[in-house]
Amino acid sequence: MNGDIQNTIDSDVVVIGGGPAGIGAAIAASRKGLDVCLLESGDLVGGIMATCPGMPIGAAYPRGMSIGGILEEFLNRLYRKNPPAAEKRICRLAEFGPEVFYDHEIAIFTLFQILQEAGVKFLLNARALAPVVDNKHVTGVTYYDKSGQNMITAKFIVDCSGDGSIAAKAGVPFAKGDEAQGQMMAVSLTFFMANVEVDRIEEYDDPYFEKYAQKGISSGRLHQDLHKIYWFPGFHKNTIFFNAVHIKDVDGTNAVNVAEATMEARKRVRKLAAFFREEIRGFEKAHIETLGPSVGIRETRRFEGLYRLTGNDIFSGKKFSDGVVCCDNAVDIVCRG
Ligand SMILES: Cc1cc2nc3c(=O)[nH]c(=O)nc-3n(C[C@H](O)[C@H](O)[C@H](O)COP(=O)(O)OP(=O)(O)OC[C@H]3O[C@@H](n4cnc5c(N)ncnc54)[C@H](O)[C@@H]3O)c2cc1C
């Protein structure tokens with residue numbers, strides 16, 4: 001295989017995936033004085049923040065308090081911009097905690113800046129392909145970029161790809177989908193509508209527009225899965241963010257499934273926008289803006305760890321002595337099956 005390798009880089013740490021997890025891991029390792037290389041298969045860092053532009057950031061604020069860390073550093077930078085590029089708001093939907101709304105372009109730019117300042121070397125359009133295994137130890141990873149197939153050797157390989165594709169190939173046991181039917185949560189295509197007269201729609205007391213959605217479904221103008229329309233006023237004036245178009249039964253590790261789901265979701269987004277223009281006061285002159293480049297994938301592989309967190313653990317607020325994550329979000333199972 002080495003005969004096909006164009007370049008080999010050596011690093012202390014290689015982080016696979018430039019989403020929130022990968023950015024956090026790469027910056028933290030770099031600040032410890034390690035030489036860190038981050039591989040991102042897309043054009044942008046941000047992970048789902050890049051795929052679902054403007055997606056509010058939630059769950060980092062148990063009871064409205066920041067839990068600190070790199071996320072807080074990032075958000076503080078956005079709050080301190082002149083004018084501010086982010087704002088924490090009480091969520092208008094009862095089951096969610098406060099969420100942060102932000103300017104997407106400034107947020108992504110700031111993530112790049114933080115990585116650069118921390119000294120992380122990052123490669124874009126560089127997809128990790130497979131672990132390099134030597135005597136049962138993972139000693140590196142192969143990746144593909146426009147120059148062809150390359151290799152990074154490292155002491156530590158951190159898989160933050162969301163899919164765990166490298167860890168899976170290295171033999172880490174995992175499960176996919178629910179135990180009953182192997183179904184995974186739906187994938188979603190998000191978008192904004194701009195030029196909305198937001199003041200004119202605030203008077204609706206139906207938070208998910210369920211009454212209107214029903215009208216759209218029964219008249220054949222909306223897909224039947226759009227019975228509840230999840231929307232928020234966007235960060236910028238006169239914009240509305242929609243996280244409503246969900247496609248079920250998609251295996252997010254299958255490229256054909258993901259491409260087909262994205263095309264189907266684009267059709268449903270256009271129908272939804274047309275319906276809003278026709279039916280909802282305030283949307284008459286609105287248009288689609290900042291459509292995600294592809295569907296956002298919530299769930300693929302779940303690795304078998306030393307302990308499996310259960311629903312009861314969550315409902316009883318169980319604390320673990322080695323816990324690293326704090327979450328105030330509702331149990332949010334989006335259209336499984
Ligand atoms: C539709 C949707 C709505 C959501 N809503 C919210 C919300 O309102 N609030 C909230 O806080 N959270 C929300 N989430 C959850 C949140 O987005 C995730 O928890 C978070 O993005 C997980 O971060 P991550 O870094 O683990 O993975 P991701 O954000 O998925 O990032 C993984 C990165 O790895 C890259 N990658 C994948 N494979 C490879 C490879 N082989 N080589 C190199 N790079 C690779 C990907 O391109 C991507 O950039 C939502 C998620 C989705 C999909």
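Which residues in α3 meet which residues in α4? In this predicted model, Phe 74, Arg 77 and Leu 78 are the α3 side of that meeting, and Ile 106, Ala 107, Thr 110, Leu 111 and Ile 114 are the α4 side.

**Helix α3 with helix α4**

- Helix α3 covers residues 69-80, and its axis comes within 10 Å of the axis of α4.
- The two axes cross at roughly 125°.
- Angles of 65 to 115 degrees count as roughly perpendicular and those over 145 as roughly antiparallel, so at this angle α3 is oblique to α4.
- The crossing in which α3 passes α4 is right-handed.
- Sorted by class, the contact of α3 with α4 has six nonpolar residues, one polar and one charged.

**Helix α1 with helix α4**

- Two packed helices are described by the angle between their axes and by the distance between the axes.
- For α1 and α4 (residues 104-117), the angle is about 25° and the axes are 9 Å apart.
- Because angles under 35 degrees count as roughly parallel, α1 is roughly parallel to α4.
- The crossing in which α1 passes α4 is left-handed.
- On α1 the contact is made by Ile 23, Ala 26 and Ile 27, and on α4 by Leu 111, Ile 114 and Leu 115.
- This contact consists of six nonpolar residues, with no polar and no charged ones.
- Leu 111 and Ile 114 of α4 take part in the contact with α1, and Leu 111 and Ile 114 also meet residues of α3.

**The two domains**

- The domain assignment divides the protein into domain 1 (2-172) and domain 2 (187-291).
- Between the C-alpha centres of domain 1 and domain 2 there are 28 Å.
- Contact between the domains involves 13 residues of domain 1 and 11 residues of domain 2.
- On the side of domain 1 that touches domain 2, seven residues are nonpolar, two are polar and four are charged.

**The shell around the ligand**

- The ligand is surrounded by 31 residues, of which Gly 17, Gly 19, Gly 47, Ile 48 and Gly 162 are the closest.
- Two elements, α1 (20-31) and β6 (127-134), each give two or more residues to this shell.
- The largest share, three residues, comes from α1.
- By class, the shell around the ligand holds 13 nonpolar, 14 polar and four charged residues.

Key:
Residues numbered from 1 in each chain as written. Predicted model: local features only at pLDDT ≥ 70, side-chain atom pairs only at ≥ 80, totals over all residues. Near = placed C-beta within 6 Å. Helix = DSSP H or I, 4+ residues; strand = E, 2+ residues; numbered from the N terminus. Nonpolar A, V, L, I, M, F, W, Y, C, P; charged D, E, K, R; others polar. Domains from an automatic or database assignment. Contact = placed C-beta atoms within 7 Å. Axes fitted to C-alpha atoms, helices over the stretch in contact; angles between N-to-C directions. Left-handed = near helix turned anticlockwise from the far one by under 90°.
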